[in-house]
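I open this notebook to record what I looked up in one structure. The entries follow the order in which I consulted the model.

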Amino acid sequence: MAEVLIGESAGLVGLAEKVQELVETNHRQGVVEVDGRHYWQHEGKVVELTTAATLDAIARVRGDTEAVEVGTLESLVEVAVSVTVPGALSAIVVTCPARAELFATQTLLVELHEEVDRRVVAASDPLLPGFLEGHWLTPEAFRLMLLRACLPAGDRDELLLYIARIKDDVTDVREDDGVSQSYAAVASGPKAAGETAWVPVPGRVILQPWRTFHEVDQPSSVFTFRMRKGRSGPELALFEADGGMWRLEAMRSVKGRLEELLADAPMDLPVLI
């Protein structure tokens, strides 16, 4: 339901004057209540606020309540569309691969509350499984992390097979050329029993972790795979090796998806990175 504009043609000049009087009494412009109805003075006009969603959004902008937190891009757009006050929203900003924020206009903030400094009306954060980049893990914990947080793409399955062959009796890890590694383990078999075998460690792998919204494609990245000898056995870790380019790719994908969802929206709301 659209908000109702109260003007002279409606024969409600007295109501508009009463709203103006209340605004001046409160020493600020904004939302006032008259006979159980809510009105907003905007650019010299009086608008009756008729939807609960709009009143809720106004309360969030004024700082009366916290910003709405949602988990999908579609839900964020639904919040934006529910705000029907003209010119109330300025943009959706993709602040990182896993967060998008809905901003109110500075003009609206000034008119609603002269001291308010928070502009975020709503924000969306996806529920992600947790990709542990830069953490040293046991082979079993590392394997479970790959299964839980990475799509079956790139080098994931080959890396899983490699990890399955790592035994707890790793005796040493060495740098071969400053980049690649090898680890020493007790060889098995009747001919090599008791001897030490050096097994090469894959240096770089391509993986596709869950790191952004489920509604867009997950970007692939190059990682450096490392191993070390821990106190209770071998430890494994992944380190980002693409210079963070995946972040820009993911944010562009989120921006594109938001623009698709906003294509049929009744307002012109830009999406920024």
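**Entry 1: Helix α7**

I began with helix α7, in which W246, A250, M251, V254 and L258 are buried. Seen down the axis of α7, these buried residues fall within an arc of 130°, so they line one face of the helix. The arc is that of the directions from the helix axis to the C-beta atoms. I read "buried" as under 20% relative accessible area, "exposed" as over 50%, and "partly exposed" as in between, with a 1.4 Å probe and protein chains only. On the other side of α7, I found M245, R252 and E260 exposed.

I note here that this is a predicted model, in which local features need pLDDT of at least 70, side-chain atom pairs count only at pLDDT 80 or more, and totals for chains, interfaces and linings use all residues. Residues are numbered from 1 along each chain as its sequence is written, and side-chain values use heavy atoms, with hydrogens and water left out.

Helices (H or I, at least four residues) and strands (E, at least two) are DSSP runs, numbered from the N terminus. I looked up the span of α7: its 17 residues reach 25 Å from the first C-alpha to the last, close to the 24 Å expected at 1.5 Å a residue. The expected span is 1.5 Å times one less than the number of residues.

I then asked which elements the buried residues of α7 pack against. They pack against α3 (73-82), β6, β7, β13, β14 and β15 (271-272). Contact means heavy atoms within 4.5 Å.

**Entry 2: R247**

R247 is found in α7, which covers residues 245-261. R247 counts as partly exposed because its relative accessibility is 36%. Not counting residues up to four places away in sequence, R247 touches P97 and E240. I also noted S221, 26 residues from R247 along the chain, with 9.8 Å between the two C-alpha atoms.

**Entry 3: The sheet with β13 and β14**

I turned to an open sheet of 3 strands, which has the order β12-β13-β14 and antiparallel pairing. Its edge strands are β12 (204-207) and β14 (234-240), each pairing on one side only. Two strands pair if DSSP finds at least two bridges between them. Strand β13 (residues 221-229) pairs with β14 over 7 bridges.

Which residue of β14 stands opposite R228? I found E235 there. The side chains of E235 and R228 are joined by a polar contact of 2.7 Å. A polar contact is a pair of N or O atoms within 3.5 Å; within protein, one must be able to donate a hydrogen and the other to accept it, and residues adjacent in sequence count only if both atoms are side-chain atoms. Leaving aside neighbours within four places in sequence, E235 also has contacts that include W136, L137 and M227.

I looked up β7 (residues 99-104) and found 5 of its 6 residues buried. Strand β6 (residues 89-96) pairs with β7 in the antiparallel sense over 6 bridges, and the two form a hairpin with 2 residues between them. In this pair, V93 stands opposite E101. Strand β8 (residues 120-124) also pairs with β7 in the antiparallel sense, over 4 bridges, and F103 stands opposite V120.

**Entry 4: S182**

S182 is buried, with a relative accessible area of 5%.
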